[in-house]
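Subject: Structure handover

Hi,

Here is the structure I promised to pass on.

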Amino acid sequence: MNDLKLLGKLKEAPVIRTSKNGTDYCRITLVIHEKTGKDTYADVEYPDIFIFGKTAQHFAKYGRKGNDCFIIGKVQKKQKSEENKYPGYDIRVFVARIFGIDMSKPNEAVEGVPNVDDDESDLPF
């Protein structure tokens, strides 16, 4: 079973992009602290996370740098290209559901974050 759950903070504000086939997506980085004790952290991870479609549009509209975020998704590995200096695999997370983002106001006033279509009727959350 390929099921992943991550809890962390957004490293930067999400930006909506469009793929070659016309699908909207966001590629974000989540900051995840590994807690080892009551007030101590051992390590920090920065996984690349991909969000597609209306979920990506909604996320780009409401997500801000530093927002807490709980993501449920799946892991996929992709072999690096032949010309890459460091051969191996990239591990990527593809989002199925997102929870916990402060959605009290859209990013319309936040510089650098584009406005998206306000039709949110078919969003999964």
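Predicted model: local features only at pLDDT ≥ 70, side-chain atom pairs only at ≥ 80, totals over all residues.

Residues are numbered from 1 along each chain as its sequence is written, and side-chain values use heavy atoms, with hydrogens and water left out.

The fold first. The protein has 1 helix and 7 strands, in the order β-β-β-β-β-α-β-β along the sequence. Among contacts with a separation of 6 or more, 61% are between residues 24 or more positions apart, where contact means heavy atoms within 4.5 Å.

Of the 125 residues, 32% are buried (buried is under 20% relative accessible area, exposed is over 50%, partly exposed is in between; 1.4 Å probe, protein chains only).

Now the inside. The largest nonpolar core has 17 residues, and the ones touching the most other members are I28, L30, I49, I51 and I71. A core here is a set of buried Ala, Val, Leu, Ile, Met, Phe, Trp, Tyr and Cys residues joined through side-chain atoms within 4.5 Å. At least two residues come from each of β1 (4-10), β3 (24-35), β5 (48-52), α1 (53-62), β6 (68-79) and β7 (89-99), with β3 giving the most, 4 residues. Take I49 as an example: leaving out residues up to four places away in sequence, its contacts are L6, C26, R27, I28, L30, I71, V93 and V95.

Strand β5 has two partners worth a look. It pairs with β3 in the antiparallel sense over 5 bridges, and R27 stands opposite F50 there. With β7 it runs parallel, joined by 3 bridges, and D48 faces R92. (Strands pair if DSSP finds at least two bridges between them.)

What about the helix? T55 lies in α1 and is buried, at 11% relative accessible area. Its C-alpha atom is 8.3 Å from that of R97, 42 residues along the chain.

Finally, the rings. There are 3 aromatic pairs, meaning Phe, Tyr or Trp rings (the six-membered one for Trp) with centres within 6.5 Å; planes under 30 degrees apart are stacked, over 60 edge-to-face, and the rest tilted. Y25 and F52 make a tilted pair, 6.3 Å centre to centre with 35° between the planes. Y25 is in β3 and F52 in β5, so this pair ties together parts 27 residues apart in sequence. F52 is partly exposed, at 39%. F50 and F94 are stacked, at 5.4 Å and 20°, linking β5 to β7 across 44 residues; both of these residues are buried. Y25, F50, F52 and F94 form one aromatic cluster.

Cheers
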